[in-house]
Amino acid sequence: MGTRRRRVSVIYFISKLVKWDDLLMEIINNPTQVEIMKAAQALKEGHLVAFPTETVYGLGADAANEKAVSRVYSVKGRPTNHPLIVHISSINQLDKWAIDIQEYAINLAKDFWPGSMTLIVNRSELAKDFITGRQNFVGLRVPAQPMALTLLAEFEKYGGLGIAAPSANRFGAVSPTTASDVNEELQTFLTGDDLILDGGQCSVGLESTIIDCTGPVPIILRPGPISIEMISNSLNMVSVISNAKSNIRTSGSMESHYSPKAAVFTDVPPSPGDGFIAMYDIPTPSGAIRLASPTSIEEYAKDFYSALRLGDKKGLKVIIVIQPGGSGLAVAIRDRLSKAVSR
Ligand code: TXA
Ligand code: MG
């Protein structure tokens, strides 16, 4: 047998031994309780599990396992000084991860957890540098999505204390709101032992509100579904929206983030062939390609990221977005747009 033929038959033999499916992570549609339990076990063993929350999909790792957390950074392509949110199963876990918690932070947790709100608080010894980006503060959230809560509860049964999870997208890209978005973003970076839990489209569609609770007044670092009005009403206290007033660093507050491949511009007329996102009552200018026509601000938030992704799938070079006016979720949408726009 010639050398070349021998090489070909060796490659053929090896390819029969390798089960290619084992090299790809598995997507589990509508997982059963037993499948969620297995996902929790996989997390405890140090593998990654992408899971739905009501805001966006997260890429989960055991928050106490440095090796697992370092894989999150490499899969996302995220610089290691950008901290991760630790997801916990209930307010009862707050004391495990945090110390010297301001009273108003506890009140916020009581009012809005489970929900789309992340509190930045002083870290306990459990929150290591590899989670906090070497800052003395930790970000904590109890998500409201039932599958996420089941995963957290099962994870605790295996002795887990919290699931670190950034949005399950490559660094700087648009957050995923469906399991297939996660798959498209990360499939080449995940391995056969990792999992994606498919819980359908996220009901809110925008990332949580992040509140710096380390000082005497709450400072909103990233506007989100829990609005400034909701926070002020709940606390009977004025909260501030500002990055400048806080000495805490967040990657979402960087200038360029949440960006699709297409160039994004706001509130200008589209040229023929441009993508177009606006409320349903704004007609599509001639030649533009309509990507979303939400009928409410909730629908705008829910479909916003998938509309940007749709523009990329269609290979559009430019997407024009007519920004929603008003308060609440509209503030969060305008915030993301201010980071996504091309300069
Ligand atoms: O809705 C959400 O918040 C989603 C879901 C999965 O929970 N998560 C999410 O994570 O958006 P990520 O990592 O994509 O964005 C979280 C932001 C980042 O800008 C990060 O820098 C900031 O929160 N952050 C997390 N922990 C922090 C900490 N200890 N101090 C300051 N900023 C923190
Ligand atoms: Mg993110």
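Student: What makes Arg-123 count as buried?

Tutor: Its relative accessible area is 19%, and buried means under 20%, with exposed over 50% and partly exposed in between (1.4 Å probe, protein chains only). So Arg-123 is buried. Keep in mind that this is a predicted model, where local features need pLDDT of at least 70, side-chain atom pairs count only at pLDDT 80 or more, and totals for chains, interfaces and linings use all residues. Side-chain values use heavy atoms, with hydrogens and water left out, and residues are numbered from 1 along each chain as its sequence is written.

Student: Why is Asp-129 called partly exposed?

Tutor: Asp-129 comes out at 38% relative accessibility, so it counts as partly exposed.

Student: How do you know that Arg-123 forms a salt bridge with Asp-129?

Tutor: The rule wants a side-chain nitrogen of Lys or Arg within 4 Å of a carboxyl oxygen of Asp or Glu. For Arg-123 and Asp-129 the closest N and O atoms are 2.8 Å apart, so they form a salt bridge. By this rule the count comes to 11 salt bridges.

Student: What makes Arg-141 and Glu-54 a salt bridge?

Tutor: Their closest N and O atoms are 3.0 Å apart, so the pair meets the rule. Arg-141 sits in strand E6 and Glu-54 in the loop between strands E2 and E3, so the bridge ties together parts 87 residues apart in sequence. (Strands are DSSP runs of at least two residues, helices, H or I, of at least four, numbered from the N terminus.)

Student: Are those two buried or exposed?

Tutor: Arg-141 is at 2% relative accessibility, so it counts as buried; Glu-54, at 7%, counts as buried too.

Key:
Chains are lettered from A and ligands numbered from 1 in the order in which they are written.
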